[in-house]
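Here are my notes on the model you sent over. Have it open while you read.

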Amino acid sequence: MIAYTHFKCNQCGSDLDYAIGLHSLKCVSCGEVDPIEASPLDMYLAHDYKSAISDIDYFDPQNVNHELKCENCGANFMLPVNVHAEECPYCDLNVVVPVELSRKLEPDGVIPFEIHQHQAESAFDQWIGGLWFAPSALKRKAIQAQSILGSYMPMWAFDAQVYSSYSGQRGDNYTTTIHVPTKVNGRTVMKKQTVVKIRWRYKSGKVHNSFDDVMTMGTETLPVKFQNFLSDWDLFKTREYNNKYLSGFRSELYQIGLPEAFNLAKDVMHRTIRSTVRRDIGGDHQRIDHIDSVYQQVGFKLLLAPMWISAFNYKDKTYRYVINGQNGKAHGERPYSVFKIVGTVLAVATLVGLIYVFSHY
Ligand SMILES: [Zn+2]
Ligand SMILES: [Zn+2]
């Protein structure tokens with residue numbers, strides 16, 4: 001059994017839950033408000049990556065299963081794996097287990113929830129109603145597979161100065177005149193035609209990219225393909241970590257270690273580096289043969305980000321979705337209607353065909 005924190009009302013002894021939007025705890029029974037004293041997180045704060053990874057413990061976060069004894073109802077219960085804040089499954093008592101019991105790094109900051117559960121639910125309805133190429137029955141038949149869960153998810157944020165040297169080719173368009181044999185009244189004549197060609201030249205160079213707070217997931221609960229969507233946060237609203245923000249929500253410990261997270265961040269950075277290289281090559285077309293990048297002044301911080309998470313069932317399959325708990329945007333896995341896609345492709349093909357036919361007469 002391990003020790004945990006439970007936030008209790010001084011007036012009546014009931015649970016204090018985080019009050020969304022108020023930076024306070026609020027009593028679920030008597031309404032007593034207890035403001036949280038947490039300053040905005042200095043967003044220029046970053047830990048030195050190089051010195052951090054010299055410690056082997058950052059590589060492989062161990063799975064943990066915390067077992068607790070509820071002080072309210074007396075039940076013993078296990079928190080889900082790698083979860084450090086949750087409710088007692090029998091009496092809803094809010095519990096927060098200290099992060100340092102199982103992880104080297106405590107979160108630096110927390111992005112507080114601003115979206116209420118009912119707002120998240122209507123964001124989901126709107127999202128599913130607005131999906132293109134979704135089966136028509138989806139909206140009626142999508143069945144909530146599990147209740148929507150407010151959860152703080154660990155996210156890593158990386159800064160880096162990246163110096164890249166590249167080699168590639170630059171292509172410039174030029175027009176030239178060629179002679180094409182053409183049949184006119186049964187005779188073959190040579191006709192002039194202007195065509196656009198590309199002249200390729202080798203090009204190499206160096207570019208610099210400065211990255212600030214590239215976000216990658218610290219959780220394995222959500223699929224990696226959600227990552228792009230989950231990088232969209234207003235980080236200036238981040239507060240210094242305070243476990244009171246977690247009261248009434250689930251919160252996960254990071255499961256993706258620091259070096260692995262940095263590799264994910266490098267993938268994200270690499271996309272930006274490639275477009276910088278393309279701009280540097282210039283011309284009308286670019287080919288990149290090779291990029292060699294050096295990452296300097298790498299800094300990181302660990303944040304907890306608010307998400308409403310659930311899943312729905314449709315035709316025996318389960319689709320996961322998540323709603324950003326800060327801005328209410330929805331994103332998820334989804335079914336496609338093959339019928340609608342094929343229909344649209346055929347319609348477009350017919351249209352293109354008709355345009356072709358008419359432009360040749
Ligand atoms: Zn109270
Ligand atoms: Zn209990």
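What percentage of the 361 residues in the protein is buried?

1. Buried residues come to 30% of the 361; a residue is buried if 20 or more other C-beta atoms, placed from the backbone, lie within 10 Å of its own. Keep in mind that this is a predicted model, where local features need pLDDT of at least 70, side-chain atom pairs count only at pLDDT 80 or more, and totals for chains, interfaces and linings use all residues. Residues are numbered from 1 along each chain as its sequence is written, while chains are lettered from A and ligands numbered from 1 in the order in which they are written.

2. On secondary structure, the protein has 16 strands and five helices, taken as DSSP runs (E, at least two residues, for strands; H or I, at least four, for helices) numbered from the N terminus. The protein is more spread out than a compact globule, because its radius of gyration is 28 Å, well over the 21 Å from the globule rule for 361 residues. That radius is taken over C-alpha atoms, and the rule is 2.2 Å times the number of residues to the power 0.38.

3. Now the domains, whose bounds come from an automatic or database assignment. Domain 1 is 1–37 + 62–102 and domain 2 is 46–60 + 104–361. Their C-alpha centres lie 35 Å apart.

4. Where they meet, 22 residues of domain 1 are in contact with 20 of domain 2 (C-beta atoms, placed from the backbone, within 7 Å). On the domain 1 side, β7 (83–87) is among the strands supplying at least two residues, and β7 gives the most, with four.

Technical notes
A residue is buried if 20 or more other C-beta atoms lie within 10 Å of its own, exposed if 12 or fewer, and partly exposed in between; C-beta atoms are placed from the backbone. Two residues are in contact if their C-beta atoms, placed from the backbone, lie within 7 Å.
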